[in-house]
2 protein chains.
Amino acid sequence: MAKGILFILSGPSGVGKGTVCTALRGKISDLVYSVSATTRSPRLGEEDGVNYFFKTRDQFLNMMQNDQLLEHAEYVGNYYGTPRDFVEKTLLSGNDIILEIEVQGALQVKEKFPEGVFIFLLPPSLDELKDRIRGRGTENQATIDHRMSVAVDEINLMEHYDYAVVNDQIDSACKRIESIIVAEHCKVKR
Amino acid sequence: MAKGILFILSGPSGVGKGTVCTALRGKISDLVYSVSATTRSPRLGEEDGVNYFFKTRDQFLNMMQNDQLLEHAEYVGNYYGTPRDFVEKTLLSGNDIILEIEVQGALQVKEKFPEGVFIFLLPPSLDELKDRIRGRGTENQATIDHRMSVAVDEINLMEHYDYAVVNDQIDSACKRIESIIVAEHCKVKR
């Protein structure tokens, strides 16, 4: 059986990574979602191995030290990371896997797993991105300005990616990513 | 405007390059067909610049000497070749172009135009290819054996291509190639 491919879907905050990722998984039933490890406590209804792999702080630090994470980050006092083992087992079983992640995390994954296919999701324009960030209605102007400046810095990191897909419409962005998945499976080097 | 991309559709004789190429052009209206230059005489109904660019032997040799052909070959006393000028003008106008060509010609194009996207069309199996070659009903056993041995040698050259597409069904081969076209346009390096 042919090995699966790891697709990394990334891009600036507010671009719609989560929505596109969910839509893609709805369309491609055998596309496996990369489950993260975390040290935060499970919330009601969250299942270990489905929503997250729940780890103690010691277990997580141990995974870091043994190079068992493709990337990791700390966020409001908790660790989050991508277990290498889950990714590799899924690929060996012949399934593709999709990892939805912010830009810094994607660049960490690229160092540890360069054979992944890196897709950058772009907003149709910076104005549109600002509208989307503002549209959440929870941020003040300083926060919006800061997030826009981070987004511009992140867009400048696009050169490290294989593909760029504009998220103008969820459906057309999904179709382009589906095409990328089909094309990658046709590559002779695989 | 973004530049177009040159797609080279190649593969062993009998694999169905012509049929797939015609079907693709039917589905993608702005995919331009690469018109060849030839020294053979026009047949009834053939138009210069549409079916071929008709050239005298001197004109053709002149094009060869001035590196104006991406590839060329001699076949039953006439020259055939791919004019570089037509390809480059089409790409600059923003249109993609498809060049349907046998394997040796494709490898010549790769030397002169490495930025092309090289797609190898594969038969579902060697038995299937033999059936297709035999199915034309015009060849004796020695010819069939010879063509099969050439086909096997050509399949061994697949490593020089970017993509391999199995021509199991015309429609699914076309869909894979359409995906390759979409994906190539999403490449960050373009």
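In this predicted model, chain A contains an open sheet of 5 strands, which run in the order 2-7-1-8-9 and pair in the parallel sense. Strand 2 (32-33) and strand 9 (163-166) of chain A stand at the edges, and because each has a single partner strand, one side of each is left without a neighbour in the sheet.

**Strand 1 and its partners in chain A**

- Strand 1 of chain A pairs with strand 8 (residues 117-122) of chain A in the parallel sense, over 4 bridges, and within this pairing Leu9(A) stands opposite Ile119(A) of strand 8.
- Strand 1 of chain A also pairs in the parallel sense with strand 7 (residues 97-100) of chain A, again over 4 bridges, and here Ile8(A) has Leu99(A) as its bridge partner.
- Strand 1 of chain A is mostly covered, since 5 of its 5 residues are buried.
- Leu6(A), Ile8(A) and Ser10(A) point one way from strand 1 of chain A, whereas Phe7(A) and Leu9(A) point the other way, and all of them are buried.

**The nonpolar core**

- The largest nonpolar core has 54 residues, and those with the most contacts inside it are Ile119(A), Ile177(A) and Ile180(A), together with Ile119(B), Ile177(B) and Ile180(B).
- Leaving aside residues up to four places away in sequence, Ile119(A) touches a set of residues that includes Phe7(A), Ile8(A), Leu9(A) and Ser10(A), and also Ile177(A) and Ile180(A).

- An unreviewed UniProt entry places the feature "binding site" at Gly11(A), Pro12(A), Ser13(A), Gly14(A), Val15(A), Gly16(A), Lys17(A) and Gly18(A).
- From this set, the lining of the largest pocket takes in Pro12(A), Ser13(A), Gly14(A), Val15(A), Gly16(A), Lys17(A) and Gly18(A).
- Ser13(A) has its place in the loop between strand 1 (6-10) and helix 1 (17-27) of chain A, and because its relative accessible area is 34%, Ser13(A) is described as partly exposed.
- Lys17(A), by contrast, lies in helix 1 of chain A, and this residue counts as buried because its relative accessibility is 11%, which is under the 20% limit for that word.

- A polar atom of the side chain of Lys17(A) lies 2.9 Å from the backbone oxygen of Gly11(A).
- When residues up to four places away in sequence are not counted, the residues that Lys17(A) touches include Leu9(A), Ser10(A), Gly11(A) and Pro12(A), as well as Glu100(A), Ile101(A), Glu102(A) and Leu121(A).
- The side chain of Ser13(A) is joined to the side chain of Arg147(A) by a polar contact of 2.4 Å.

**Arg147 and Ser13 in chain B**

- In chain B, the side chain of Arg147(B) makes a polar contact with the side chain of Ser13(B), at 2.4 Å.
- Arg147(B) lies in helix 6 (residues 141-155) of chain B, and Arg147(B) counts as buried because its relative accessibility is 16%.

How values were computed:
Residues numbered from 1 in each chain as written. Chains lettered and ligands numbered in written order. Predicted model: local features only at pLDDT ≥ 70, side-chain atom pairs only at ≥ 80, totals over all residues. Heavy atoms only, no water. Helix = DSSP H or I, 4+ residues; strand = E, 2+ residues; numbered from the N terminus. Buried < 20%, exposed > 50% of the residue type's maximum accessible area, 1.4 Å probe, protein only. Polar contact = N/O pair within 3.5 Å; in protein donor to acceptor, adjacent residues only side chain to side chain. UniProt positions renumbered as here; feature names shortened; annotations may be inferred. 1 Å grid on protein atoms, 1.4 Å probe; cavity = no way out; pocket = protein on both sides within 12 Å on 5 of 7 lines; lining within 4 Å. Contact = heavy atoms within 4.5 Å. Core = buried A, V, L, I, M, F, W, Y, C linked by side-chain atoms within 4.5 Å. Pairing = 2+ DSSP bridges.
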